[in-house]
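Student: I've got a structure open and I'd like to learn how to read it. Can we go through some features together?

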Amino acid sequence: MTDFSIIGKPVAMVDAAGKTTGAGKYTDDLSVPGMLVGKILHSPYPHARITRIDISRAEALEGVIAIATGKDAPKTYGILPVGHDETALAVDKVRYIGDNVACVAAVDEATADRALRLIAVEYEVLPAYFDPEESMKAETYLIHDGKPHNLEKDYHHVFGEPEKALAEADYVAEGRFIANEVTHAAMEPHSTLASFEIDPHTGKPGRLTVWSSTQVPYYLQHKLSLVLDMPMSQIRVIKPLVGGGFGGKSEVIPLEIIAAVTARKAKAPVKITYTREEVFWAHRGRPRTLIDMKTGVMKDGRITAVKARVVQDGGAYCSYGVVTILYSGALLGALYDIPNIQYDGYRVLTNKPACGAMRGHGTVNVRFAFESQLDELSAKLGMDPAEIRRRNLLKPPCITINGLRVQSYGLPECIDQVVKRSGWDERKGKLGRGKGLGIACSHYVSGAANSIIRSDMPHSTVNIKIDRDGGVVVYTGASEIGQGSDTMTAQIAAEVLGCSLGRVRVIAADTDLTPIDIGSYSSRVTFMAGNATLRAAEEVRKQIALAAARKMNCAPEDLVFREDAVYKKEHGAEVAHSTKDSGASVSGRVEGQILRGSLQQKRKEEGPKDWMTFEEAVVAAIDFHGALTGTGSYAPPAEARGGKHKGGGVGPSPAYSYSAQVAEVTVDEDTGEVTVHKVWAAHDCGRALNPVSVEGQIIGSVWMGLGQALQEEMIWKDGLLMNPGLLEYRSPSAVESPDVEPVIVESVDPEGPFGAKECSEGSLAATIPAISNAIYDAVSIRLHESPFTPERVLAALRAKRNAKAINMTEGVDPTAPTRFREHGGSLWFRGKGPERHPLDPSRREVVTESGGDD
Amino acid sequence: MKKELIELKVNGRRQELAIEPSKLLLDVLREDLELTGSKRGCDDSSCGACTVLVDGVSMLSCTLLAASCEEQEITTVEGVSEHGSLAAIQKAYGDWGGAQCGYCTPGFIMTVKSLLSSNPNPTEGEVRHALSGNLCRCTGYNQMYEAIKAAIEAEQKGMATAKS
């Protein structure tokens with residue numbers, strides 16, 4: 001049935017008004033009586049042993065209530081069970097500039113800041129590793145004990161016979177691609193408020209409530225329980241509005257644990273909100289990735305094999321690293337039909353902030369390499385780049401060579417759509433000097449088929465309660481982070497129950513109220529929490545139908561729920577209209593909801609009816625069943641859980657989204673500047689439950705991909721981040737952002753809720769290679785390193801002409817503060833940051849000058 | 001630092017406040033007046049999430065001393081809703097997907113308000129230029145342009161009906 005009343009209609013998000021009026025509350029907007037401000041002392045060294053921490057002077061400061069250090073919470077944790085390598089505050093060692101050393105809880109921010117400066121920490125500085133390939137050679141001064149060669153994890157997968165297939169290929173392309181590090185930079189800096197209640201029976205601190213900007217409230221509850229040594233039942237995690245995540249809040253960030261640890265020590269509520277600079281240090285973004293890739297094709301364009309060696313610069317802790325390196329390999333499959341794959345992945349530790357999950361987790365950088373190489377091969381073959389992609393399509397339903405099950409597959413239509421809309425056939429190669437078009441494809445999981453913590457529990461559970469007022473309350477653990485999770489939930493519930501959206505209230509992500517859901521990551525919410533909502537609503541509808549059918553003298557299956565009414569099938573649409581006109585139901589009031597005696601009396605007199613209002617049906621159901629509640633849960637089917645090989649648990653998903661994009665660019669050959677004019681982005685999301693949201697997600701993904709393609713990059717100098725500010729990080733503004741034409745393709749997945757799949761991440765990965773391929777079309781240079789800054793473009797242009805390379809940063813030494821100050825880099829300014837970098841030469845002046853004010 | 005008494009006029013209401021002279025307008029709004037609609041997204045005036053109107057001009061409250069705004073009309077996002085209902089721009093931002101996570105939205109709303117008060121019918125280029133001081137990481141801005149167009153149309157229609 002495609003005749004929906006709410007699904008597929010563009011609706012404003014259910015929480016839109018709170019966001020546009022400023023009434024909606026994010027974590028940092030909250031306060032509780034007696035709340036203290038927490039401030040964290042960070043490490044100024046990339047790798048050092050802590051020999052002594054003296055907090056006595058800081059503690060003596062008026063207004064300082066408590067200071068927590070590593071010994072207050074020495075238990076290790078980590079988002080992955082295999083990666084418990086972090087402590088909330090450093091116990092013996094710091095591993096990156098910005099690592100957490102101590103936390104002050106004070107009456108106000110100024111006092112806390114003053115106290116930080118009074119904490120004396122003695123460090124024994126150790127040699128540090130900043131380059132993953134250098135780090136892999138390390139024999140001594142390892143970043144973590146038990147990780148020889150600073151290797152977090154390596155995987156080696158061979159499917160089919162890649163060597164043989166490459167030898168037999170007509171054409172082979174080989175090259176190294178580098179994708180530099182990027183970060184989420186969500187607009188809301190991380191914030192956590194932790195508060196203990198006094199237990200009435202023991203009179204001591206008891207239950208803990210934590211409000212936090214998180215994508216994963218249940219994982220947070222779990223890790224808090226682990227580190228604080230408290231039962232999970234004593235911890236309540238509430239997720240207020242979250243100002244963007246993109247993966248940066250999809251794991252437990254140190255401040256979330258530090259706030260609770262400090263609140264326990266201070267015996268008062270503590271709120272910590274990161275400064276923007278701290279957000280950059282907290283990071284967990286997309287790692288710098290080195291990709292050595294080799295792809296073979298036959299003359300007809302068929303891919304014979306791909307071989308990839310991937311090295312990821314993971315930073316100082318495991319974080320999601322093991323999953324990232326596995327995704328990078330697994331998602332070589334399931335987009336095209338590739339019969340032979342070899343993958344060697346290395347996740348390496350370095351002395352920089354930990355990398356983790358970021359939008360398009362694991363797939364983006366490798367996709368950039370693969371799609372660029374495919375473009376290269378199409379040029380070698382003299383084949384149209386769109387055509388070579390069409391020649392390598394999967395034939396679903398199928399299981400790929402690396403064990404991924406593909407059912408719905410909208411990629412062919414995605415390619416057709418962007419080719420048609422961009423005028424590809426007529427315009428490609430004919431735009432004139434410096435202008436070009438490029439195409440690329442991508443895909444992504446609709447949630448991971450295997451959860452991080454191995455268990456048989458469902459990934460999502462949803463409860464629904466309907467009371468006599470006819471209001472539908474949906475309780476879901478799914479986390480709204482701006483992607484429209486709550487709206488999706490309300491839409492599905494309303495569609496199934498045939499009621500208006502205004503009746504549905506969504507209570508989400510509060511571990512005391514809502515049933516468990518593993519969180520908002522890997523684009524799992526629509527598919528998994530959506531299916532759970534669907535099932536819960538169907539269970540409630542069944543109960544209503546049973547009671548209503550008795551009243552109407554018909555079989556429950558003969559009832560239709562639509563437009564706030566329940567009616568017999570044969571009565572169809574005119575009933576739905578008459579209910580609207582009667583004014584009884586839509587207004588939301590029915591006489592006798594409470595005084596049901598009189599309603600029943602009235603009914604008896606009238607005899608059975610052909611239809612009932614939603615409220616009447618609800619009242620009948622409650623009278624019949626005693627209460628009206630339903631529950632639904634979702635666990636991915638066993639056949640979608642992937643192969644049995646080591647690491648085969650990452651990559652499988654119940655469904656994959658597909659995306660194809662064409663980018664139009666101009667390259668200025670004098671300055672090296674790349675301008676993206678327009679991106680046509682077709683995305684197969686199964687079914688668009690809320691088209692305005694789906695389009696928003698597609699545009700947002702393309703835009704974030706554009707940022708990574710052209711300007712965003714974390715620049716490091718000996719472990720120090722050179723650009724820890726939104727201005728210096730250079731996320732595109734409205735002026736630099738291209739038009740994006742989103743095209744929704746609906747392949748209607750057999751298992752998705754109403755056929756829906758992922759729509760928030762898959763598009764991102766195609767944007768970078770689409771732009772790179774367009775640059776090739778424009779000026780015939782193949783860029784192997786992202787972002788495609790003017791410097792890199794110019795270097796490639798000069799190399800093509802065999803001209804001498806110009807080093808544009810020649811002579812700009814970041815250790816020379818006079819030069820660097822002009823550039824930004826806020827850590828280098830006096831008075832900013834916890835302590836100046838040891839490499840900063842003017843640091844020496846500070847010591848002698850006493851005070852050192854400018 | 002010793003507190004001093006200042007008087008601010010915020011969203012049409014006079015407020016007498018004892019604050020430190022060094023306190024930023026954003027902190028006064030959020031902490032002393034509990035108007036948490038204005039957000040802090042950075043610390044150095046690079047994101048625009050804290051945008052408010054001071055005498056009708058959009059300003060970044062994170063780099064403005066509260067004490068310097070005495071005698072001026074300050075409008076925050078909380079002062080935009082008219083008579084308890086959404087203003088046209090707020091409605092349009094919701095309908096057209098101009099807000100996703102919503103954290104940057106109050107800043108954008110204030111910037112757009114300031115733009116439309118001086119230029120009621122801006123071209124897309126003018127809109128892009130005006131919005132370039134505000135950062136959004138969710139939307140890619142495209143749906144905001146639609147929202148702004150829709151809001152202008154709604155305003156004009158509203159004015160036309162008011163006249164007739």
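Student: Let's start with a strand pair: which residue in β27(A) is the bridge partner of Gln661(A)?

Tutor: Keep in mind that this is a predicted model. The general idea: strands of a sheet pair through backbone hydrogen bonds, either parallel or antiparallel. Here, Gln661(A) has Ala681(A) as its bridge partner in β27(A).

Student: How many bridges join β26 to β27 in chain A, and do they run parallel or antiparallel?

Tutor: There are 10 bridges between β26 (residues 656–667) and β27 (residues 674–684) of chain A, and the two strands run antiparallel.

Student: What sheet do they sit in, and in which order do the strands come?

Tutor: It's an open sheet of four strands in chain A, ordered β18-β26-β27-β30, with mixed pairing. β18 (435–445) and β30 of chain A are at the edges with a single partner strand each, so each has one side without a neighbour in the sheet. From one strand to the next, the twist averages 15°.

Student: Which strands of the sheet does α19(A) touch?

Tutor: α19(A) packs on the sheet and touches β26, β27 and β30 of chain A. Its direction makes about 130° with that of β30(A).

Student: And how many residues does each chain bring to the contact between A and B?

Tutor: Chain A brings 44 residues and chain B brings 42 residues. On the side of chain A that touches chain B, the elements giving two or more residues are α1 (16–21), α19 (691–710), α20 (726–729) and β30 (739–745). α19(A) gives the largest share, eight residues. By class, that side of chain A has 20 nonpolar, 17 polar and seven charged residues.

Student: Now helices. How do I describe two that pack together?

Tutor: Two packed helices are described by the angle between their axes and the distance between the axes. The crossing of α2(B) and α3(B) is right-handed.

Student: Which residues meet there?

Tutor: From α2(B), Ile89(B), Gln90(B) and Tyr93(B) meet Thr105(B), Ile109(B), Val112(B) and Lys113(B) of α3(B). This contact has four nonpolar, two polar and one charged residues.

Student: Last one: how is chain B divided into domains?

Tutor: Chain B has domain 1 (4–79) and domain 2 (88–163). Their C-alpha centres lie 22 Å apart, and 15 residues of domain 1 are in contact with 13 residues of domain 2.

Notes. Residues numbered from 1 in each chain as written. Chains lettered and ligands numbered in written order. Predicted model: local features only at pLDDT ≥ 70, side-chain atom pairs only at ≥ 80, totals over all residues. Contact = placed C-beta atoms within 7 Å. Nonpolar A, V, L, I, M, F, W, Y, C, P; charged D, E, K, R; others polar. Left-handed = near helix turned anticlockwise from the far one by under 90°. Pairing = 2+ DSSP bridges. Axes fitted to C-alpha atoms, helices over the stretch in contact; angles between N-to-C directions. Domains from an automatic or database assignment.
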